[in-house]
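Let's walk through this complex together, starting with a pair of helices and then moving on to a sheet and an interface. Please have the sequence and the 3D view ready.

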Amino acid sequence: MKWLSQNWPMVIDLTLDHLWMTVQITVLTVLFAVPLARLSMTNRWLRAVAVVFTNSLYAVPSLALFMMVPVLVGVPLRSTTNVVIVLTLYGVAVIWRSTLDAFDTLPPRILDASDAMGVTRWRRFWSVELPLASPVLVSALRVVLASTISLITVGAVIGVPSLGLLFTDGFQRGITAEVITGIVVVVALGWLLDRLVAVAGAAAMPWRATTPRRSRRLARRVQAQSLRGTDGSAA
Amino acid sequence: MITFENVNKTYPNGTTAALDVSFTVPAGSTVALLGPSGAGKTTLLRMVNRLVDPDSGRITVGDRDISQINPVTLRRSIGYVLQEGGLLPHKRVLDNVALVARLNGASKADARERAQRMLTLVGLDAELGSRFPHQLSGGQQQRVGVARALVGEADVMLMDEPFGAVDPMIRRELQAQTRRLQSELGKTVLLVTHDVDEAFSLADQIVVLRTGGSVAQYATPEELLTNPADDFVADLLGLSDGARDLHVVDRGGRALVTDGSGRFIGRVRA
């Protein structure tokens, strides 16, 4: 407690750094992955890329990617941009694939009904396809959020400031309180953001509150599958 | 009025869905496309709002060649009733109906008001409007589907096996309601069914289609019963095996009617 009372401004700064990176990564992930998923619905080449990309990326340890991306893209190693790029890649790998699955399994009858009424393609995407895919999207997003928040801490190893700095610094100098503070704040941040997305998702999908169990179980299964995918060797 | 002139369609996999099809749906009347599965009924129906384009031939709606009309514009001018309603599961019932009015340019308030009127017209309680489709029974969803097709005030309506998914009692009720609405509104209706009774109950004229997409006969129910064009038509209608035969039997001085299998279904009124 003594350590925390002396260092809380630093903890707050690192929390804000951590949070800001999480927000950037999550937003970029969705902005890239959802259009990619929709395009791979009809583009066979993109679909093949989706499968290869999502299957192989999690086989690459994040630390190795933190080293490779600066070489390939030319961003400084010790920059938040580096961390944001790498973790966006991981995020896209999860959301691209699961959202593609969600688009693939949209009921053809519903899409047909939309066309028959004279709904344009663009409007169909925004007002039919995206809302109907959103339960899976939100589930996948929660997985990405959890994995992003923990993977950001790895960035501390290459010197990018985040709550992970409390781990590296705490270990090196043998300050247990610092490590524990890190763990508690990371877990709290993860829990908080997960609740936020879950609540916002539920508010945006009122029809789900009254939906029969079956489809909700399906969404949960997708979430479980994506989780198993990320457990591999990412850290 | 809807006309088909020498319409042909063969799918890439080689199945022919329409073979030199010509017929006319006169304005204000109901025509049923009747045939076994694989006869291309649904394909013909979907050609009218350009969900499918023919390989050759001409289709007109209200004297306009539809190949010259933008598909989206065309679809907004035609009501469409799908099997099981085809409602959007994530929109409330009222919004499902209002959507079509919105697409046709109505303001939000106006669209909702019209949607509410249509729900009442098809016999649904106003309070059902705020529910989601899955909270309704199959018959209620089907009524919403009809309301949605009516809300655009289109003159032409397409119905794809509209009452196939509901139980027989509800089906008869919906058919009766459709006849009632039709006599009030006088729409030009093209409907697909594989159910002979449904075709007889709703249609003024029936296009009988055979497998391979050609027209076997185009006639009124009365003509079909008196003069089936060939064995295929007679078989399809149930005239060959006696399934549609009715018999009058005497039971203690009363003339009763039995159906093809000998079950009593009514009595003769003198």
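Predicted model: local features only at pLDDT ≥ 70, side-chain atom pairs only at ≥ 80, totals over all residues.

## A helix pair in chain A

α1(A) and α2(A) are oblique to each other, a label for angles that are not under 35 degrees (roughly parallel), over 145 (roughly antiparallel) or 65 to 115 (roughly perpendicular). The axes of helix α1 (residues 2–42) of chain A and helix α2 (residues 44–57) of chain A cross at roughly 125° and come within 6 Å. Here axes are lines fitted to C-alpha atoms, for helices over the stretch in contact, and angles run from 0 to 180 degrees between N-to-C directions. Helices (H or I, at least four residues) and strands (E, at least two) are DSSP runs, numbered from the N terminus.

On the α1(A) side, look for Leu36(A), Leu39(A) and Ser40(A), which meet Leu46(A), Arg47(A) and Ala50(A) in α2(A); contact requires C-beta atoms, placed from the backbone, within 7 Å. Sorted by class, this contact has 4 nonpolar, 1 polar and 1 charged residues. Nonpolar covers Ala, Val, Leu, Ile, Met, Phe, Trp, Tyr, Cys and Pro, charged covers Asp, Glu, Lys and Arg, and the others, Gly among them, are polar.

Residues are numbered from 1 along each chain as its sequence is written, with chains lettered from A and ligands numbered from 1 in the order in which they are written.

For chain B, the mean pLDDT (the predictor's confidence in each residue, from 0 to 100) is 93, and 100% of its residues reach 70 or more. The complex receives an ipTM of 0.86 and a pTM of 0.84 from the predictor.

## The sheet of chain B

In chain B, 6 strands make up an open sheet with mixed pairing, ordered β6-β7-β8-β3-β9-β10; strands pair if DSSP finds at least two bridges between them. β6 (78–81) and β10 (214–219) of chain B each have a single partner strand, so one side of each lacks a neighbour in the sheet.

Further in, β3(B) runs parallel to strand β9 (residues 205–210) of chain B, and 4 bridges join them. Val31(B) has Gln205(B) in β9(B) as its bridge partner.

## Where the chains meet

How many residues of chain B are in contact with chain A? There are 17, and they touch 16 residues of chain A. On this side of chain B, α2 (71–76) and α3 (93–103) of chain B are the elements that give two or more residues. By class, the chain B side divides into 10 nonpolar, 5 polar and 2 charged residues.

Note on methods
Contact = placed C-beta atoms within 7 Å.
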